[in-house]
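Hello,

Here is the structure I promised to pass on to you. Have a look at it first, and then read on for what turned up.

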Amino acid sequence: MIQSETLELLEWHRLCQHLATFAATKLGATAARHLKIPDSQTQSEQLLEQTKEVYQLESRLTTGLSFEGIQDIGDSLERAERSGVLAGEELLAIATTLSGARSLRRVIDNQEDLPILTDLVADLRTYPELEQEIHRCIDERAQVTDRASQKLGEIRTDLRRLRSQITQKLQNILQAKSGAVQEQLITQRSDRYVIPVKAPQKDAIPGIVHDTSTSGATLYVEPNSVVPLGNKLRQIIRREQAEEEAIRRILTEQVAAVKPDLERLLAIATTLDMATARSRYSFWLGANPPRFIRREDKEIITLRNLRHPLLVWQQQHEQGQPVVPVNLLINPLIRVVTITGPNTGGKTVTLKTLGLAALMAKVGLFVPAREPVEIPWFDKVLADIGDEQSLQQSLSTFSGHIRRISRILEALGNLGNGKLGIGNGEEQNLEISTPQSLVLLDEVGAGTDPVEGSALAIALLQYLANHAQLTIATTHFGELKALKYEDERFENASVEFDESTLSPTYRLLWGIPGRSNALTIALRLGLKPEVVEEAKIQVGEATDEVNQVIAGLEAQRRRQETKAAEAQSLLQQAERLYKEVSAKAASLEERESSLRASQEIAVQQAIAQAKGEIAQVIRRLQKGTPTAQEAQQATNALNQIGQQYQPATPAKPKAGFMPKVGDRVRIPKLGQIADVITAPDEDGELSVRFGLMKMTVKLQDVESLDGQKPEPVVKAKPAPAAVTPPQNVPEIRTSQNTIDLRGKRVADAEYILDKAISEATGPIWIIHGYGTGKLRQGVHAFLQQHSRVNNYESAEQSDGGTGVTIAHIKK
């Protein structure tokens, strides 16, 4: 009972209604409005993985995941199982649902890295042969077609011929008795063909009167000469109706035979629609995926810029006020947080926001907060929020709160008793000593004598510190603020109030107890100063000093926040300057390299020119020996100069690093740091992940965190392909009766096979290859259940062996 009360107090039903607007099917919308909260963390994590994969899938698709054609056929399946006959509209809905589900499976199978969704649709049976049979027998208007059976075709041929005879006879009567008829018109009354006859001249056309006009001036008469044909027509129509019902009964029996598979198909489609609705709602909220933490492992509850989802909806759709986010960073040792401050300051909204965030994470929704979103999995969310006053039950505000709190304590006690029955060892004691419930209390202890209410609130919070994972309580009692200094499991927080404007800022301040500011507000609102001064005397100097200390702490906090904002601004400026300096340094380095290269070219040219000139000098001096030795010495000097200016041969660069799975690398082109999830392949490609995104990059596009470039991958030379000797093809096998399914998915193969079987007049050869065997198993399973396949077998070894299957078609 208290769980349903909590959902009502948190307005969970409104959030479910908002979620339902993002569902694509009637089934999904109904499931969203009656959203079931999981009982285990494993179920919640499964739902979250579904939401993440759909979120990832829709980011790849241009039009999103389509549920076109999927309808709620649950009632039709129930009636089919009870031997009822389905109408044409119901059969058509079943066919479109099968087609829509097959399209969903095809989209998911064509994507990679979606293990949860792929496993979900792996066993989906869409019965293309049943869908085609329904479309063969039922047209787009939900009427039974002439081709549904030979008998029905013959009956309708007789009907058309007989209607033509009746129309021709009536046309002759209209022309022969034109003076007696009201107008040249053939119409119907109660499935009988009639003509409009003037009332005074009814004897001119003897027959049966089936209807009269409102004025009585016109009688609708079936001439006696047409009556036998009309009776025959009615008999043939009855035969037509009986044959149509027989055809729909056969189709209904085929539907009933596969009812369990169709019910599972509906369940899978609804699950996919719910995951899609959660993904789209999360995207609309600007939410992020939560991670469930264990506070026993010293992990901190982290909810930065947490927004109330209903207020976000109100802002976007109902012209509401901008939503002020709150920050919740709760130490793992903290069990109780008391929030104080003035009324209308946002204390209750903070309680509801946290409660909804915990429930959203449990049902697989993203949480509207900044990454990272880290929150425990709470087995129960229990709340006492608002006024429980009731005149009918003779309950005061205090009595109403106490009744609800009693139910909360009872729920916590039952939870503990349930764990007691699990075992008798240390594991049982550990579970009892680490409760997992979230308790939210608004104005705890209010509505009675302040002294007794304060004492009751202290005792209650101390009890909850031992029996709940986390308790958040709002209060005006000053005594509760001191619990933080007596027990390390307690923490204070307050809502900020702007005394200059007498309005709350809705910001949550941690570590500082709040003030009610009642006297300040009263003075600003015009209450006589002498009354306010007398009130301050009654409150006492000690309280005034405490308020002054709190005010000082708040002012100090504001100064620290201002300095932190300035430091953040300076950091951003420093990062921007660093990028600019790095860009300039790179530009200078490139320019320096260019200048060095041009200088080297100039020096080489000068040396070559000098050597040429010296060579000429030597040749001239060789004619006379006195100065040849001096010329040789000059040449040696020039060679030394050349060696001095000639750049040394650069050393070979050291081999770089090779990324391994688990390494962190930088992708300069994207400005991202990512984790390596697969090692580089022979093509030099590797898979990386940053955030929720996975992508494949080239080895040369990454570098280590310290700037090292990776080693190039030496691609091995492919081995020469073995020449496969041509196989002897039997005479009965041709290109027309051979189907190559290699490389196809099972879902696509079913559609190709069904079309080929429907057109085949003899055996067909199906090439599926060896591979993993999954395609071969899917082909055999499809052939085994197909109504036109007599039997199937593997081909001869010379014809492909077990990589080819021969299907023998019924004549």
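Let me start with a question: is W313 buried or exposed? W313 is buried, with a relative accessible area of 12%, where buried means under 20% relative accessible area, exposed over 50% and partly exposed in between, using a 1.4 Å probe and protein chains only.

Before going further, please keep in mind that this is a predicted model, in which local features need pLDDT of at least 70 and side-chain atom pairs count only at pLDDT 80 or more, while totals for chains, interfaces and linings use all residues. Residues are numbered from 1 along each chain as its sequence is written, and side-chain values use heavy atoms, leaving out hydrogens and water.

Now to the aromatic rings. Rings of Phe, Tyr and Trp (for Trp, the six-membered ring) pair if their centres lie within 6.5 Å; planes under 30 degrees apart count as stacked, over 60 as edge-to-face and the rest as tilted. By this rule there are 6 aromatic pairs. One of them joins Y281 and W284, which are stacked at 6.3 Å centre to centre with 15 degrees between the planes. Both residues lie in helix α11 (residues 259-285), 3 residues apart, about one turn of the helix; helices here are DSSP runs of H or I with at least four residues, numbered from the N terminus. Y281 is buried at 0% relative accessible area, whereas W284 is partly exposed at 28%.

W284 also pairs with W313, this time tilted, at 5.3 Å centre to centre and 55 degrees between the planes. That pair links distant parts of the chain, since W313 sits in helix α12 (residues 309-317), 29 residues from W284. Ring pairs link F22, Y281, W284 and W313 into a cluster.

How do the two helices meet? The axes of α11 and α12 (lines fitted to C-alpha atoms over the stretch in contact, with angles from 0 to 180 degrees between N-to-C directions) come within 11 Å and cross at roughly 70 degrees. The two helices are therefore roughly perpendicular to each other, a label that covers 65 to 115 degrees. Y281, W284 and L285 in α11 meet P309, V312, W313, Q316 and H317 in α12, where contact means heavy atoms within 4.5 Å.

Finally, E750 is found in helix α21 (residues 746-759). E750 is buried, with a relative accessible area of 15%. Leaving aside neighbours within four places in sequence, E750 is in contact with R105, T126, P128 and F782.

Best wishes

Conventions: Parallel < 35°, antiparallel > 145°, perpendicular 65-115°, else oblique.
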